Every structure is written in C-alpha cells, then in structure tokens.
Amino acid sequence: MTANSLLGRSLFNERRCSKRSLVLLIVGLVAGFCLAELFVYSSIPKRCDVNGDHSNQHMQNFSRPKQDIDSPEHSNDETSLAEKLHSEIRVLCWILTNPSNHKAKAVHVKRTWGKRCNKLIFMSSAKDEELDSVALPVGEGRDTLWGKTKEAYKYIYEHHINDADWFLKADDDTYIIVENLRYMLYPYNPDTPVYFGARFKAYVKQGYMSGGAGYVLSREAVRRFVVEALPNPKLCKQDNNGAEDVEIGKCLENVKVLAGDSRDANGRGRFFPFFFLNSQPNTIPRIKLSASMSLWKRMGMSNNSNKQEAKKKKKTTATGQNINRCAATVLATTRALFA
C-alpha cells in the first residue's frame, strides 16, 4: 500500500470521525433542550382554586391532615378554621324583610344560615317577637326600599357599630354561606373604606353592588355612609324613593368608599343576584336573562374562567407540539449519523 493511499484513508477516517462528533454534539444539544422544556413544563404548579390572597402562613396552619380513606369520621380541621374565623371576622347580618314575609321567608333565614352570623337583625316595618325584628319608621313597598336601607344603617350605627367588623345586607330570600364570606374577608382591614358584592357597572362610575345578591360593608364604610354621606344632600339622595342598591352605591362613591372586586383568583364570582337555572361543576352558572341584557354585560365582565381554561389548553398544546418537533429533530439527526 502506498504512502499516498494511507494518507488518503487517514484523512477520510479523520473527516468521518469529525462528522460523527459534530452530529453527536448536535443530537446532545437538541435532546438536552427537549428534556429541559419537558422538565420546566412538568414542574409548573397547578393553580389552586383558593384565592392566593388567603394562602398565607397563618391560614396554612389549618391544612388538612392525612386520614385513612376508609375512616367514617371527617377531620374537624375545617370546623376549627370556621370557629377561628367566627371570632376574628365578626359579621353582622341584617335582613331586609316585611311583615308578609316574616313567617314565609325571614324565619327560615333565622333557622338556617342566619345562625352563623355573629349578630343577626331583621329590619321590617313591624315588630315580630319570634324574629325580634326592628320596626323602622318607613312604609312598605318597593319604592321605599331606599328609605328602609338608610334607616337600617342609622340604627346599626347607633346601636351596633362596635359589635362587628363587617356589615352584611341581605334580602329575606337570599342565602349566604357565611363561612365562605368570612374567608373572603379575611385579608381585608375593616377600617378600610370598602364594600363587596356583585358589582354592576352602570349608573355609578365605579359600579354598584346588586341588592339581590347582598353586599357587605366594612365598619369604616358604614361610618362614612351614616356620618358623612346621609346628612349631606349633595352626597346622598334625601327622599326615600329610588333603587336602594344604586343609591347607596352613589353615596358610597361620593365619600370615597371603594367598590371592591369580590371575584376569586380565577375570576369566578362569589355573589350572584339571580336564580340559577342550570350550572355545571367548575363553571360559572348560566342564567337566563333577556336577550338585550345578559348578566355578564351588566356586571361588566366575561366568563374569565372559560377564557383561562382555553388559554391553559392552548399552552399545553403548544408545549406538546414543541416536544414533538424536538423528537423529530433528534430522530432525523440520528438517521443522518448512521447513514
């Protein structure tokens, strides 16, 4: 074999080795990138249904302990949390009712969810021994609801302002899960001028809370409403006519009480002013309204939970496509290596 042929074969082998080394390097880089993307995606924590504002260290002390799956006993941890919040987040519930509804509706509030309030008061135009209702000096009728609401808050401020941190107004056909209400209110200071409810973005610049869903005022919000807004005709409507939820919304805005956002971290509502005709788990309930005015238009919001689910699905699909492309690249490069 001549020297030239040996030299040629040596150069050929050297080039072949260099080519294989380069291909192996490329395969390693692509495979590493794919594995890194897969690892990052799988390590992203799933979003919890609980509002992030409540996920502080103090509340984490009540995490559910492990329990045998066949045990018939439930953990008392949720009860302990409810009892703790009952003493820390004091809620006065006042119920707007009338004499014809005392036994038909109001009494059932007293026997059910009303018992979970720190204090329960029924506001009517007539005294009722069973309800221990307050007879306000206002006549009955839809046109006088604004007048009853003003008198009710005057009574509460005069007699009970120091008995609670938050003051919930509800109708006698409203149902409230008081434990969830306290949990929502936990991060907020009752000395902050704020109120929460199902916010409708109409008539008032910052919106107003629907009376049918109920709304809850902080102690400072009640003080500003009674002391600053009601006596001033420039800040509050003086006669008793008008929609109580719109009128109180105007008054509160005029004394700089913030209309808070009561939705959870996923954009789902917590106050609902209409009867649910149908609903599905983990979705915002669907409500039949007139074609010209849907609930979401009145509330100035869209079905955020559905949008977020679609966004999450799109992200998952995109990540899967990226991984597939990486796998195809690795396969093609490997074939080139052994070609």
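Reader: Let's start with helix α4: which of its residues are buried?

Author: Keep in mind that we're looking at a predicted model. Buried here means under 20% relative accessible area. In α4, which runs over residues 102-111, H102, A106, V107 and V109 are buried.

Reader: And where do those four sit around the helix axis?

Author: Their directions span an arc of only 150° around the axis, so they lie on the same side of α4.

Reader: What do the buried residues of α4 pack against?

Author: Two strands: β1 (91-96) and β2 (119-124).

Reader: Okay, now the nonpolar cores. How many residues does the largest one have?

Author: To read a core, look for buried nonpolar residues joined through side-chain atoms within 4.5 Å. The largest such core here has 35 residues. W94, M123, Y153, Y195, L217 and F225 have the most contacts inside it.

Reader: Which elements supply this core?

Author: At least two residues each come from β1, β2, α5 (145-160), β7 (208-209), β8 (215-218), α7 (219-229) and α8 (244-254). Helix α7 gives the most, with five residues.

Reader: Can we zoom in on one residue? What does Y153 touch?

Author: Leaving out residues up to four places away in sequence, Y153 touches W94, F167, K169, Y215, L217, V222, F225, V226 and I248. There's also a second, separate core of 28 residues, with L85, C93, A198 and V216 among them.

Reader: Stepping back, what does the chain contain in helices and strands?

Author: You'll find 10 helices and nine strands. Of the chain's 339 residues, 38% count as buried. As for contacts between residues at least 6 apart in sequence, 69% join residues at least 24 apart.

Technical notes: Residues are numbered from 1 along each chain as its sequence is written. This is a predicted model: local features need pLDDT of at least 70, side-chain atom pairs count only at pLDDT 80 or more; totals for chains, interfaces and linings use all residues. Side-chain values use heavy atoms; hydrogens and water are left out. Buried means under 20% relative accessible area, exposed over 50%, partly exposed in between (1.4 Å probe, protein chains only). The arc is that of the directions from the helix axis to the C-beta atoms. Contact means heavy atoms within 4.5 Å.
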